[in-house]
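Biologist: I would like to learn how to read a protein model. Could you take me through one, feature by feature?

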Amino acid sequence: MSRVLIIAEAGVNHNGSLKQAKELALCAKKAGADIVKYQTFKADAIVSASAQKAEYQRKTTGGGESQLELLRKLELSFDDFYSLAVYCRELGIEFLSTAFDGDSMDFLVKEIGQRSVKIPSGEITNYPLLVKAASYGKPVFLSTGMSTTEEVGEALAVLRSSGSGNVTLLQCTTEYPAPMADVNLAAMRGMGERFGVPVGYSDHTKGIEIAIAAAALGAVVIEKHFTLSRELEGPDHKASLEPDELAAMVSAIRNVGLAIGTGEKFVTKSERSNRDIARRSIVAAEPIRKGEIFSKENLAAKRPGTGLSPMKWKDIIGERAPRDYEKDEQIEL
């Protein structure tokens, strides 16, 4: 199994603070993630004044303000993102941000030099944004929350016909936190088989077990929200991992990757020294004199396995002993 790409999703958990965004990057680096990802947008370009907050946003941030007012508080400027990208390079962790509008996408790809493009679930039917994302010819991560198989296929067709690089589909359930019964993790492999593309998982569940399960099922990418503290104010903190949990998830996924192996059954290096100890050899169950016939009564299978394998049992029964054997002495043909 190839190494799983782990995206630590900081999202808007910086609460509009560049300082906090950098702290999140450092946290992701310490946890062992490959990429730290944010969200880049101009609130006025993506949300109308009449748009209401999602139910989970009302639960985590209260009522009163509109979705537009909420998102305005969570914006970082292009200058902030440039500074953040430089900081990530200095840390040695890849910077990635999801663009929710065309200007933001151009900035991230052309000015910052992102190596890939991330399309969030809510934009899977946004034809103009899909075309723009594909136009750079870079690899695309496409989240598929709230989508049908047909919608995923339509988005893939747009990306491919518009010149995108390789597309990786991320199974996702767009709820915060996502109920376990709605995860539908099997859809990840189903999409991979149907569309012939790499697949991964964008996780919104509580805890780390579903992300680990996704890695075991063959996800090539795992994306998971994290925060400095679930006690912080903001829409996504409650459904995010804290630093120690993120580190535990990364460690577990790395272990899963090591454990899956190649699919071929063979004796591993760590097993070799135990084979002779755990296996058995054919031995004399009692003293046997030269010329005596070997039988199931005078033979036994006992450890260690340094002699004749008991798989040769039928070959030796009925043969005559070539010499004298004492009890427990290994038999040779």
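**Reading the model**

Modeller: Start with one residue. Ser-164 counts as buried, because its relative accessibility is 17%. Buried means under 20% relative accessible area, exposed means over 50%, and partly exposed lies in between (1.4 Å probe, protein chains only). This is a predicted model: local features need pLDDT of at least 70, side-chain atom pairs count only at pLDDT 80 or more, and totals for chains, interfaces and linings use all residues. Residues are numbered from 1 along each chain as its sequence is written, and side-chain values use heavy atoms, with hydrogens and water left out.

Biologist: Where is Ser-164 found, and what does Ser-164 touch?

Modeller: Ser-164 is found in the loop between α8 (149-161) and β6. Those labels come from DSSP runs, numbered from the N terminus: helices are H or I with at least four residues, strands are E with at least two. Leaving aside residues up to four places away in sequence, Ser-164 touches Ala-134, Gly-137, Lys-138, Val-140 and Leu-159. Contact means heavy atoms within 4.5 Å.

Biologist: Now the sheet. In what order do the 8 strands stand?

Modeller: First, the rule for pairing. Two strands pair if DSSP finds at least two bridges between them. Here the order is β3-β2-β1-β8-β7-β6-β5-β4, in an open sheet with parallel pairing. β3 (94-99) and β4 (117-119) stand at the edges with a single partner strand each, so one side of each has no neighbour in the sheet. On average, neighbouring strands of this sheet are turned by 25° against each other, direction ignored.

Biologist: Over how many bridges do β2 and β3 pair?

Modeller: β2 and β3 pair over 6 bridges, in the parallel sense. Val-36 has Phe-95 in β3 as its bridge partner. Further along, β6 (residues 167-172) and β7 (residues 199-203) pair in the parallel sense over 4 bridges. There, Leu-170 stands opposite Gly-200 in β7.

Biologist: Which way do the side chains of a strand point?

Modeller: In a regular strand they alternate between the two faces of the sheet. Take β3: Glu-94, Leu-96 and Thr-98 point one way, while Phe-95, Ser-97 and Ala-99 point the other way. 6 of the 6 residues of β3 are buried, so β3 is largely enclosed by the rest of the structure.

Biologist: Which helices lie across these strands?

Modeller: Here are two cases. Helix α6 (residues 102-112) lies across β2 (35-40), β3 and β4, and runs at about 155° to β3. Helix α11 (residues 243-260) lies across β1 (5-11) and β8 (221-225), and runs at about 165° to β1. Axes are lines fitted to C-alpha atoms, for helices over the stretch in contact, and angles run from 0 to 180 degrees between N-to-C directions.

Biologist: How are two packed helices described?

Modeller: By the angle between their axes and the distance between the axes. α8 and α9 (186-195) pack at about 50°, with axes 12 Å apart. That makes α8 oblique to α9. Angles under 35 degrees count as roughly parallel, over 145 as roughly antiparallel, 65 to 115 as roughly perpendicular, and the rest as oblique. The contact is made by Thr-149, Val-152, Gly-153, Leu-156 and Arg-160 of α8 with Met-191, Arg-194 and Phe-195 of α9.

Biologist: At what angle do α1 and α5 cross?

Modeller: The axes of α1 (residues 18-31) and α5 (residues 78-91) cross at roughly 25° and come within 10 Å. α1 and α5 are therefore roughly parallel to each other.

Biologist: Which peptide bonds here are cis?

Modeller: Look at two prolines. The bond from Tyr-176 to Pro-177 is cis, with omega near -5°. Pro-177 is found in the loop between β6 and α9. The bond from Arg-303 to Pro-304 is also cis, with omega near 5°. Pro-304 is found in the loop between β10 (299-302) and α13 (313-316).
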